[in-house]
Amino acid sequence: MKAAPLADVGVILAAAIDPARFPAGVRAGIGAAQSPDRSWRQARTALRFTGPREPVVRYADLGALALLAEIPKDASRDNADVAAIARISGNPEDMETLHTYCATGSLRRAADLLHLHHSSVARRLEQVAKTLGIELTEPTGLLRVRLALTAWRLLDD
């Protein structure tokens with residue numbers, strides 16, 4: 001294994017990596033090993049998808065989501081759903097509720113993870129849905145919000 005700093009990131013070249021062994025607080029994007037230049041691009045893309053909830057992301061696990069990284073930032077900012085997420089992003093309680101609900105797809109599971117009563121989470125989500133103009137209880141609405149959250153997060157890299 002070889003490691004080195006490069007610009008604003010650290011680079012690790014390794015035949016195998018165990019994401020569980022990364023120290024807390026470290027974010028990592030992992031590319032495939034086909035070629036160094038391709039692996040580098042993949043790792044940089046995967047790094048853009050990391051965050052506090054998912055600090056280590058493998059490019060191979062992104063699948064079609066990796067395509068979101070190719071969308072020009074201006075196009076993402078101009079999208080109504082992404083702009084709506086940006087408007088509520090200043091409210092940590094709403095964002096945490098929305099992230100948790102999107103991650104679980106279940107009101108009761110989100111309530112368990114947030115340590116709240118499900119009726120409290122339902123009220124929060126109802127208000128968030130009104131603000132976003134998206135019906136969160138519909139599969140299409142949930143997909144729109146998940147994509148908008150991801151696209152919004154990719155703006156902050």
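**View 1. Asp74 and Arg77 pair up in a salt bridge, with their closest N and O atoms 3.3 Å apart.** A salt bridge here is a side-chain nitrogen of Lys or Arg within 4 Å of a carboxyl oxygen of Asp or Glu. This is a predicted model, so local features need pLDDT of at least 70 and side-chain atom pairs count only at pLDDT 80 or more, while totals for chains, interfaces and linings use all residues. Residues are numbered from 1 along each chain as its sequence is written, and side-chain values use heavy atoms, with hydrogens and water left out. The two partners sit three residues apart in helix H3 (residues 73-78), which puts about one helical turn between Asp74 and Arg77. Helices are DSSP runs (H or I, at least four residues), numbered from the N terminus. Asp74 is exposed, at 54% relative accessible area, whereas Arg77 is partly exposed at 44%. For these labels, buried means under 20% relative accessible area, exposed over 50%, and partly exposed in between (1.4 Å probe, protein chains only). A search of the whole structure turns up six salt bridges, and two others get their own views below.

**View 2. Asp81 reaches Arg144 in a salt bridge, the closest N and O atoms being 2.7 Å apart.** Asp81 belongs to helix H4 and Arg144 to helix H8, so this pair ties together parts that are 63 residues apart in sequence. Asp81 counts as buried, at 12% relative accessibility. Arg144 is partly exposed, with a relative accessible area of 36%.

**View 3. Glu126 and Lys130 meet through their side chains in a salt bridge (3.8 Å, N to O).** Both are in helix H7, four residues apart, with about one helical turn separating Glu126 from Lys130. An α-helix has 3.6 residues a turn, so residues three or four places apart point the same way. Glu126 is partly exposed at 49% relative accessibility, and Lys130 is exposed at 59%.

**View 4. Helix H7 (residues 118-132) has a buried side and another side with exposed residues.** Its 15 residues reach 20 Å from first C-alpha to last, close to the 21 Å expected at 1.5 Å a residue; the expected span is 1.5 Å times one less than the number of residues. Look for Val121, Arg124, Leu125, Val128, Ala129 and Leu132, which are buried. They share one side of H7 because they cover an arc of only 140 degrees around the axis, taken from the directions from the helix axis to the C-beta atoms. Arg123 and Lys130 are exposed on the other side. The buried residues pack against helices H4 (80-88), H5 (92-104), H6 (107-114) and H8 (139-155), where contact means heavy atoms within 4.5 Å.

View 5. The 13 residues of H5 should span 18 Å at 1.5 Å a residue, and the end C-alpha atoms are 18 Å apart, which agrees.

**View 6. Leu65, Leu143 and Leu147 make a nonpolar surface patch of about 250 Å².** Patches are made of residues with over 30% relative accessible area and no salt bridge, joining like charges within 9 Å and nonpolar side chains (Val, Leu, Ile, Met, Phe, Trp, Tyr) within 5 Å. Areas come from the Shrake-Rupley method with a 1.4 Å probe, and for residues only the protein chains shown count as cover. Leu147 is found in helix H8 and is partly exposed, at 36% relative accessible area.

Methods: Helix = DSSP H or I, 4+ residues; strand = E, 2+ residues; numbered from the N terminus.
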